[in-house]
Amino acid sequence: MGKYAVLVDVSKCTACRACQVACKQWNENPAEKTYQVGTFQNPPDLSSLTYTLVRFKEQRVNGEMVWTFFKDQCRHCLEPPCKEVADEMVEGAILQDESGAVIFTEKTKNCDFQEIRDACPYDIPRKDPATGVIYKCTFCNDRIANGMIPACVKTCPTGALQFGPRDEILEKARRRLKELKKDYPHARILDEDEVSWIYVLHQPESQFQMSRRERKPSVMYALKSLSKPLGVFAMGAALIGQIVNKGRE
Ligand code: SF4
Ligand code: SF4
C-alpha cells in the first residue's frame with residue numbers, strides 16, 4: 001500500500017457539516033452537549049468525541065463581510081511531532097501505518113497529554129477526561145485497509161474533499177491552485193511537504209479560524225539527540241523555542 005492523501009478544497013466547502021456527522025457515525029462517537037458561541041460553529045471545539053469540526057470565521061475585510069469555513073482535523077503529518085514525543089514516553093502509544101495514517105492507541109493514556117498536544121503544530125489531540133486516553137482523527141485507517149475511502153470524504157456533497165494516492169492528490173491540488181489564482185491572488189497550498197491532508201486556501205490564512213504554529217523540536221527529542229552530532233544545538237533551540245512560546249501564552 002502506498003501513501004494516501006486528502007485534498008481539502010476550502011473554496012468548495014459550504015459548511016453543511018455532513019463530514020462531522022459521518023465521522024461521528026463511523027467512529028460511533030455520541031453527540032455532545034453543546035452551546036452557542038456566537039457563530040454557527042458547533043460543537044465549539046474538537047474533543048475526544050469529536051474528531052473533525054468545521055470552524056467558522058466572520059469578519060469585515062475592506063468594508064465587506066467575509067464568512068469562511070475550515071474543516072479541521074489531524075493532518076496526518078508525514079513525520080508526526082506527536083509521535084516523536086510519545087515514542088520517548090511509551091513505546092507504541094502512537095503508530096503510523098503504511099498509508100500515512102497516524103494512529104493514537106489506548107497506550108496514550110500513559111503519556112503526558114500536554115506534551116503531546118503542545119507538539120502538534122495544529123493543536124489537534126484531545127484527552128478523554130474519564131480514561132486519560134488521547135483521541136483524534138484516525139484517517140479512517142480501518143476503512144482504507146478494507147479498500148474504502150474515509151467516511152467524511154465519502155459523504156462530502158460538494159467535492160471539497162478528495163482522497164487518493166498522495167502523488168495524484170498533490171497534482172490535483174496544484175491544478176486547483178492554478179485555477180483559483182486567477183480570481184484569488186492570495187490562494188495557496190498549506191504545508192504540502194509535511195502533511196497528508198493537503199489544504200488549498202483561496203483566501204489569506206488570517207481569514208480562517210484555524211490553529212497553525214511553527215514546528216519545533218521537542219525538549220525530549222532534543223535530549224535524545226544529545227548523543228548525536230548537533231544534539232546540543234537542537235536542545236538549545238528547543239528550549240529557547242519553548243521559553244518564547246510560554247511568553248506568548
Ligand atoms: S496533526 Fe498533530 S496530531 Fe496529527 S499527526 Fe500531526 S502532530 Fe500528530
Ligand atoms: S478521516 Fe475518518 S476519523 Fe478522520 S475526520 Fe474523516 S471520518 Fe473522521
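Visitor: How much space lies in the second largest cavity?
Guide: About 100 Å³ lies in the second largest cavity. This is a predicted model, where local features need pLDDT of at least 70, side-chain atom pairs count only at pLDDT 80 or more, and totals for chains, interfaces and linings use all residues. Residues are numbered from 1 along each chain as its sequence is written, chains are lettered from A and ligands numbered from 1 in the order in which they are written, and side-chain values use heavy atoms, with hydrogens and water left out.

Visitor: What counts as a cavity, and what is its volume?
Guide: On a 1 Å grid over the protein atoms alone, a cavity is a set of points where a 1.4 Å probe fits but cannot get out, and lining residues have an atom within 4 Å of a point. Grid points are joined across faces, edges and corners, and the volume is the space filled by probe spheres set on the points.

Visitor: OK, which residues lie nearest the centre of that second largest cavity?
Guide: Those are Cys23, Asn27, Cys137, Cys140 and Cys152, out of 14 lining residues. Helices α1 and α5 (151-155) each supply at least two residues of that lining. Helices (H or I, at least four residues) and strands (E, at least two) are DSSP runs, numbered from the N terminus.

Visitor: How many cavities does a search of the whole structure find?
Guide: Four of 30 Å³ or more.

Visitor: New topic: which residues come nearest to ligand 1?
Guide: Cys74, Arg75, Cys77, Cys82 and Cys120, from 13 residues around ligand 1. A residue is near a molecule if one of its heavy atoms lies within 4 Å of it. The shell has ten nonpolar, one polar and two charged residues.

Visitor: Why is strand β10 largely enclosed by the rest of the structure?
Guide: Because five of the five residues of β10 (residues 197-201) are buried, with buried meaning under 20% relative accessible area, exposed over 50% and partly exposed in between (1.4 Å probe, protein chains only). Trp197, Tyr199 and Leu201 sit on one side, Ile198 and Val200 on the other.

Visitor: What runs parallel to β10?
Guide: β1, joined to β10 by four bridges; two strands pair if DSSP finds at least two bridges between them. Val6 stands opposite Trp197. Strand β9 (residues 188-190) pairs with β10 in the antiparallel sense over three bridges.

Visitor: Last one: which residues have the most contacts inside the largest nonpolar core?
Guide: Val6, Val8, Val54, Phe139, Leu161, Trp197 and Tyr199, in a core of 26 residues. The largest share, three residues, comes from β10. A nonpolar core is a set of buried Ala, Val, Leu, Ile, Met, Phe, Trp, Tyr and Cys residues joined through side-chain atoms within 4.5 Å.

Terms used: 1 Å grid on protein atoms, 1.4 Å probe; cavity = no way out; pocket = protein on both sides within 12 Å on 5 of 7 lines; lining within 4 Å. Nonpolar A, V, L, I, M, F, W, Y, C, P; charged D, E, K, R; others polar.
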